[in-house]
Amino acid sequence: MGGSGSRLSKELLAEYQDLTFLTKQEILLANCWLLLHPLHPSGSSRASPSTVPGTQAHRRFCELLPQEHRSTEESLHTRVSLEQILSLPELKANPFKERICRVFSTSPARDSLSFEDFLDLLSVFSDTATPDLKSHYAFRIFDFDDDGTLNREDLSQLVNCLTGPGEDTQLSASEMKQLIDNILEESDIDRDGTINLSEFQHVISRSPDFASSFKIVL
Amino acid sequence: MSRQPKSLGEEAGSGVRGQVRSGSPGTGDRSGRRPSKKRAPRAEGAAGRRGAQPGQKERAGGSPGPGSPRRKQAERRRHREELGERGRSSAERTCTERRKKDGRTSLKEQRAPSKKEKEVPRKEETWKRLKKHRSPSLASSASVGESLSEEELARILEQLEDKKKLIATVRSKPWPMAKKLTELREAQEFVEKYEGALGKGKGKRLYAYRMLMAKKWVKFKRDFDNFKTQCIPWEMKIKDIESHFGSSVASYFIFLRWMYGVNLVLFGLIFGLVIIPEVLMGVPYGSIPRKTVPRAEEEKAMDFSVLWDFEGYIKYSALFYGYYNNQRTIGWLRYRLPMAYFMVGVSVFGYSLMIVIRSMASNTQGSASEGESANFTFSFKMFTSWDYLIGNSETADNKYASITTSFKESIVDEQESNKEENIHLTRFLRVLANFLIICCLCGSGYLIYFVVKRSQEFSKMQNVSWYERNEVEIVMSLLGMFCPPLFETIAALENYHPRIGLKWQLGRIFALFLGNLYTFLLALMDDVHLKLSNEEKIKNLTHWTLFNYYNSSGWNESVPRPPLHPADVPRGSCWETAVGIEFMRLTVSDMLVTYITILLGDFVRACFVRFMNYCWCWDLEAGFPSYAEFDISGNVLGLIFNQGMIWMGSFYAPGLVGVNVLRLLTSMYFQCWAVMSSNVPHERVFKASRSNNFYMGLLLLVLFLSLLPVAYAIMSLPPSFDCGPFSGKNRMYDVIQETIENDFPTFLGKIFAFLANPGLIIPAILLMFLAIYYLNSVSKSLSRANAQLRKKIQALREVEKSHKSVKGRTTARDSEDTAKGNSKNATQLQLTKEGTTPHSASQSQTAGKKAQDPGISSSASRITLPVSQHLPVSRPPGVRPDSGQPRPQTHPWRSASGKSAPRPPH
């Protein structure tokens with residue numbers, strides 16, 4: 001695999017294969033992809049050679065990488081900012097792109113993804129990931145306020161995401177209410193007015209085509 | 001990554017290395033000091049091994065056994081000082097990192113941690129006891145892993161199993177990568193360490209070897225899987241299409257790819273067992289009449305127009321049935337070619353049947369668990385309607401629109417489920433549409449019948465024009481081109497959901513094509529019968545010619561006459577080759593029509609719309625011509641019927657499968673290009689949820705229908721007398737009888753004769769029917785039981801609903817209490833710790849309680865779970881700064897240091 005292969009050591013690659021649902025090629029592809037995009041180092045503590053902004057600097061960064069001793073770590077820890085992830089063609093049209101990035105980001109401000117976060121993302125959205133894992137992350141994506149349950153606000157936000165940004169496709173207030181009432185009626189088993197993870201997974205596990213649609217291919 | 005805002009619940013589950021924990025929770029003092037003394041050597045042993053190789057990112061993979069105890073001791077002593085420092089520094093670092101960490105808690109992991117939690121207390125216990133047992137031996141500086149009692153052994157084994165399970169399932173845990181990595185490494189280290197130790201008694205080396213082999217095997221399997229995924233052709237292309245056009249369009253391409261695979265196998269079968277042996281070992285071209293172009297055709301045999309019609313040299317080649325000789329064995333291998341020909345013809349059908357049914361079965365197995373979908377219409381629409389593969393903004397806009405409509409539709413449905421005012425109109429429209437379509441079908445059927453009749457007249461005439469010769473094909477292609485859009489227009493009246501509409505459309509076009517196909521077959525059959533009736537005459541003529549040639553006077557009797565040149569021998573029409581040629585022509589013309597349709601209908605239209613839009617009076621892109629949508633139903637059926645032709649024709653034209661492989665290959669690339677370049681996604685993007693099985697069902701039907709004429713021909717039509725591998729026989733299947741009689745021992749022949757006895761076959765069929773009936777009833781009763789169980793579960797859930805909510809509230813309160821106590825404990829611990837070892841040892845007993853928590857609806861309770869870890873390993877800080885360092889205790893630490901980050905809201 002040439003340059004991209006040398007950057008990830010064999011052991012790490014094997015571990016990543018153990019830890020994700022991705023194949024070796026996909027991991028290398030992801031790595032390559034991240035390296036080939038201009039990087040903005042987010043943590044000042046991790047001074048990487050790419051302090052000069054722009055693609056030029058990045059190219060230098062890539063060229064410098066193999067020679068340097070800590071190349072692997074550098075490439076693993078440099079973070080890609082949210083805007084760049086969002087401009088990915090695979091995510092561009094997705095109404096949940098911000099949520100996806102937030103859920104998978106491990107940086108303090110939740111505004112950037114490291115390579116490992118990115119692998120996590122791809123793993124969850126891969127073909128072979130277990131439905132449980134998928135539904136767990138789906139729940140977190142839909143949980144807009146990160147409070148652990150889907151309440152009415154989350155649901156209405158979700159509906160707004162699904163109906164798109166255009167004014168003409170938005171639902172009216174009464175329709176929204178009706179819809180959310182129906183959903184709660186169906187899925188809220190313990191009748192506490194919110195949907196929690198186990199209720200969510202209960203519903204999702206019955207869905208015939210959730211697993212096939214909840215995937216992203218790089 | 002160490003500063004990620006990790007929920008405390010998560011950390012509770014992680015047995016992070018670097019910190020030793022004792023098992024006695026209530027007494028902070030004791031637990032702080034004593035175990036650390038006992039445990040420290042062990043901890044450092046592990047750490048020392050690691051420290052000895054600072055650059056190492058992973059533990060050495062190959063050697064599962066522990067290092068020699070003596071050396072370990074030395075290392076331990078050496079590293080004790082180091083660790084002291086490192087531990088302290090790491091503690092400081094983690095404190096600062098805590099501070100940096102912002103207080104946001106992500107969603108509490110509810111399920112996975114709860115699983116982990118159950119493990120945690122058990123492990124701690126194990127550790128405690130383990131230590132107690134071992135402490136005397138440790139004090140007397142005995143080696144570590146030597147004297148394990150049975151009890152300990154069992155416990156460690158159990159723990160080992162847990163760890164192994166963790167290794168196997170860690171990838172499906174919803175943790176961030178850093179955590180997974182730590183977990184995995186720790187578990188692997190544990191397994192490696194103890195597996196060797198446990199294996200000591202019973203042949204350690206063998207055990208190590210087995211472990212090594214197991215590892216190698218896993219690696220090999222993984223590599224093989226990687227290789228396999230790499231070998232799937234066109235994966236990227238199809239995924240690309242899927243992301244632009246949704247899964248329904250992609251399903252066609254997946255079907256096409258599958259078909260290509262099947263055809264490759266068939267091609268290998270026919271090519272390897274029939275064509276190659278014939279070409280290599282058979283009598284060469286020009287040696288016998290059936291392998292020679294007749295004298296009358298000779299001068300035109302190489303013209304392109306003749307070759308294009310598969311006449312001339314192509315007709316007398318190994319591509320067609322007539323070329324094969326009826327010699328029983330050919331070449332020095334004594335290869336039984338006629339037998340092979342027959343068996344390959346049968347196995348083509350056998351293999352196809354098997355593969356279609358198998359893939360149908362596997363498709364249904366995947367979709368077995370449906371049925372409750374009616375209960376969750378809204379939730380499904382809400383949570384699963386977005387197709388995350390959509391990467392195109394146009395498609396996304398369409399999807400937004402379709403989701404909105406479906407929301408609105410279902411809301412309206414829900415509100416007015418009782419009112420069905422439009423039902424009569426819809427019904428009327430549907431009946432009308434079906435009536436119109438039946439009219440169309442009848443009309444096209446008659447048209448084909450008419451054309452076929454006419455072509456029979458043409459075939460008797462001489463000097464027919466090109467159009468008259470190809471009239472049938474042209475009419476059929478035109479019908480195939482114009483009827484489907486007509487049907488689609490009519491189907492717009494019906495107002496079905498596109499997925500259902502697609503099925504209707506598929507069914508209708510299927511009927512159309514089927515009518516065409518069978519009309520074509522009947523015409524062909526007439527032709528064959530005509531040729532068969534002429535055969536006797538030609539046979540006599542041939543004999544007469546040969547007789548005359550050899551017995552004519554005027555030749556020197558002493559010198560034998562040179563044999564008659566094979567090109568001059570009069571010969572029969574060889575109806576098998578004629579049929580093969582028909583199928584070959586049909587396949588090729590079908591392919592050309594498809595490609596031309598794509599070029600004209602899609603590409604030229606797209607170009608026109610795209611470029612003429614600048615200078616046109618209305619908006620071409622949004623208005624009338626617009627871009628074409630990908631025609632799923634037409635393409636799928638085209639593929640299926642083409643395959644039917646191949647199945648029917650491959651017996652008479654072995655080369656047909658090769659042509660089809662080429663066709664599929666080109667159409668894969670061509671259609672991929674056409675779709676991506678000149679089609680737009682459907683207005684209502686819909687998922688192809690299980691229509692793949694529908695395709696398969698149609699394919700099976702076509703396979704069966706194409707099996708019928710071939711079987712009829714084999715069983716009841718006599719083969720031509722002067723061409724093909726079965727010439728001279730009464731029926732084609734006689735070749736089997738011949739082989740049994742001549743090549744097998746006599747008793748086998750008797751057995752076969754006995755098996756072929758109707759007295760045996762009829763009971764066998766009866767038995768099969770009985771078996772089918774029995775299995776069917778069993779499956780029915782099982783599904784009934786299934787439904788009942790489901791009902792029961794639902795009822796139980798109804799009952800439990802109220803209980804659950806109450807219980808959830810109480811557990812939440814409980815855990816809050818314990819959390820408070822816990823943090824107090826930890827504070828004490830923190831104080832005592834400074835003096836003893838840098839490796840903190842904090843503990844709490846809440847984990848036991850937590851394990852019983854159902855894990856539902858008490859998110860707050862998860863926050864203060866204690867961290868438990870039992871494998872003391874510390875990593876040199878330089879290796880992997882973010883994942884390798886000891887993770888500090890979350891809550892206790894923070895409260896102790898006094899500079900804690902803002903607490904997450906409970």
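Predicted model: local features only at pLDDT ≥ 70, side-chain atom pairs only at ≥ 80, totals over all residues.
Is Cys574(B) buried or exposed at 8% relative accessibility? Cys574(B) counts as buried, where buried means under 20% relative accessible area, exposed over 50%, and partly exposed in between, with a 1.4 Å probe and protein chains only.

Residues are numbered from 1 along each chain as its sequence is written, chains are lettered from A and ligands numbered from 1 in the order in which they are written, and side-chain values use heavy atoms, with hydrogens and water left out.

Cys574(B) forms a disulfide with Cys723(B), the sulfur atoms being 1.9 Å apart, where a disulfide is a pair of cysteine sulfur atoms within 2.5 Å. Over all chains, the structure holds one disulfide. Cys574(B) sits in the loop between helix H18 (498-551) and helix H19 (575-612) of chain B, and Cys723(B) in the loop between helix H22 (691-716) and helix H23 (734-743), so the pair ties together parts 149 residues apart in sequence; helices here are DSSP runs (H or I, at least four residues), numbered from the N terminus. The torsion about the S-S bond is about 95°, so this disulfide is right-handed.

Cys723(B) is likewise buried, with a relative accessible area of 5%. Cys439(B), by contrast, is in no disulfide, and the nearest cysteine sulfur, that of Cys442(B), is 6.6 Å away; at 40% relative accessibility, Cys439(B) counts as partly exposed.

Conventions: Helix = DSSP H or I, 4+ residues; strand = E, 2+ residues; numbered from the N terminus.
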